[in-house]
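Open the viewer and keep the selection tool at hand.

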Amino acid sequence: MGNKLAKKNKLTADEIAFLKANTNFSEEQIKEWHKGFYQDCPKGNLSREKFIEVYKQFFPSGSAEEFCDHVFRTFDTDNSGNIDFQEFLLAINVTSSGSPEQKLKWAFRMYDIDSNGTIELSEMVKIIEAIYDMLGPEMDKTKESPEERAKKIFSKMDTNNDGLLTEEEFIKGCLQDEELFKILAHD
């Protein structure tokens, strides 16, 4: 997934074919996204700093930085420290028009901070804290603490009670609970 698109302003026929095959975008839409990406990122890479700057615009009343780190890590599939156009478009596709299962697989990767294939309670607490911080005053923090919310989610999803969520448990749990799906997949 993270194979590098050439660092140039022009897409090749192979790059367009790959993106058409792996996204729901038409060739015209891909070219439009590409044009916009290069206007914002002339060097062909979106840095963590620029990503946070853009993301913060959507959540001006909160502190989006911590959450952005998690989203950025999930977008940066080759762990290069930058997001290239291909990584960007594949992630945008999943988050905007992917199936519920695709969105949940993406969300699972974000929650699995250490990339070990499972989500521990502590990882979920960190993500939920980041979501609360990002939402800022909009989030009613008196309702449930991140720890309480994470424990509640875990008790619903951890079907074998081993203290870990596998991708299968995570996806199944979210698909069976509309509220959890909205919280965890940000739909």
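Select S115. This residue sits in the loop between helix 6 (100–111) and strand 3. The model you are looking at is predicted. Is S115 buried or exposed? S115 is exposed, because its relative accessible area is 59% and exposed means over 50%. Now check the backbone. The phi of S115 is near 55°, a positive value in a residue other than glycine. Most residues other than glycine have a negative phi.

Next, select N161. Look for N161 in the loop between helix 8 and strand 4 (164–166). Its phi is positive too, at about 55°, although N161 is not a glycine. N161 counts as exposed, at 65% relative accessibility.

**Zoom out**

Show the whole chain as a cartoon. How many helices and strands does the chain have? There are 10 helices and 4 strands. Trace them from the N terminus: the order is α-α-β-α-α-β-α-α-β-α-α-β-α-α. The chain has 187 residues, and 43% of them count as buried. Now consider contacts between residues at least 6 apart in sequence: 61% of these join residues at least 24 apart.

**Strand 3**

Select T118. You are now in strand 3, which covers residues 118–120. T118 has a relative accessible area of 15%. T118 is therefore buried, since buried means under 20%. Show side chains here. The side chain of T118 makes a polar contact with the side chain of E120, at 2.9 Å. Which residues does T118 touch beyond four places away in sequence? They are F108, D112, E123, L164 and L165.

**Helix 2 and helix 5**

Select residues 27–40 for helix 2 and residues 85–97 for helix 5. Their axes come within 11 Å and cross at roughly 125°. That makes helix 2 oblique to helix 5. The crossing is right-handed. Now show the side chains where they meet. Helix 2 brings I30, W33, H34 and F37, and helix 5 brings F85, F88, L89 and I92. Of the residues in this contact, 7 are nonpolar, 1 is polar and none is charged.

**Helix 3 and helix 4**

Move on to residues 48–56, helix 3, and residues 65–75, helix 4. Here the axes lie 10 Å apart, and the angle is about 125°. Helix 3 and helix 4 are therefore oblique to each other. Turn the model to see their crossing, which is right-handed. Color the residues that meet. On helix 3, pick R48, F51, I52, Y55 and K56; on helix 4, pick E65, F67, C68, D69, V71, F72 and F75. What kinds of residues make up this contact? There are 8 nonpolar and 4 charged residues, with no polar ones.

**Helix 4 and helix 7**

Helix 4 contributes E66, F67, H70 and R73, while helix 7 contributes K126, I127, A130, I131 and M134. These residues divide into 5 nonpolar, 1 polar and 3 charged.

Stay on helix 4 and select H70. H70 is buried, with a relative accessible area of 6%. A polar contact of 3.1 Å joins the side chains of H70 and R73. Leave aside its neighbours within four places in sequence. H70 is then in contact with M110, I113, K126, I127 and A130.

**Helix 8**

For the last stop, select E147. You will find it in helix 8, residues 146–157. Is E147 buried, partly exposed or exposed? E147 is partly exposed, with a relative accessible area of 35%. K126 and E147 are 21 residues apart along the chain, and their C-alpha atoms are separated by 8.9 Å. Finally, show V125 and E129. E147 touches both, not counting residues up to four places away in sequence.

Key: Residues are numbered from 1 along each chain as its sequence is written. This is a predicted model: local features need pLDDT of at least 70, side-chain atom pairs count only at pLDDT 80 or more; totals for chains, interfaces and linings use all residues. Side-chain values use heavy atoms; hydrogens and water are left out. Axes are lines fitted to C-alpha atoms, for helices over the stretch in contact, and angles run from 0 to 180 degrees between N-to-C directions. Helices (H or I, at least four residues) and strands (E, at least two) are DSSP runs, numbered from the N terminus. Angles under 35 degrees count as roughly parallel, over 145 as roughly antiparallel, 65 to 115 as roughly perpendicular and the rest as oblique. A crossing is left-handed if the near helix is turned anticlockwise from the far one by less than a right angle, and right-handed if clockwise. Contact means heavy atoms within 4.5 Å. Ala, Val, Leu, Ile, Met, Phe, Trp, Tyr, Cys and Pro count as nonpolar, Asp, Glu, Lys and Arg as charged, and the others, Gly among them, as polar. Buried means under 20% relative accessible area, exposed over 50%, partly exposed in between (1.4 Å probe, protein chains only). A polar contact is a pair of N or O atoms within 3.5 Å; within protein, one must be able to donate a hydrogen and the other to accept it, and residues adjacent in sequence count only if both atoms are side-chain atoms.
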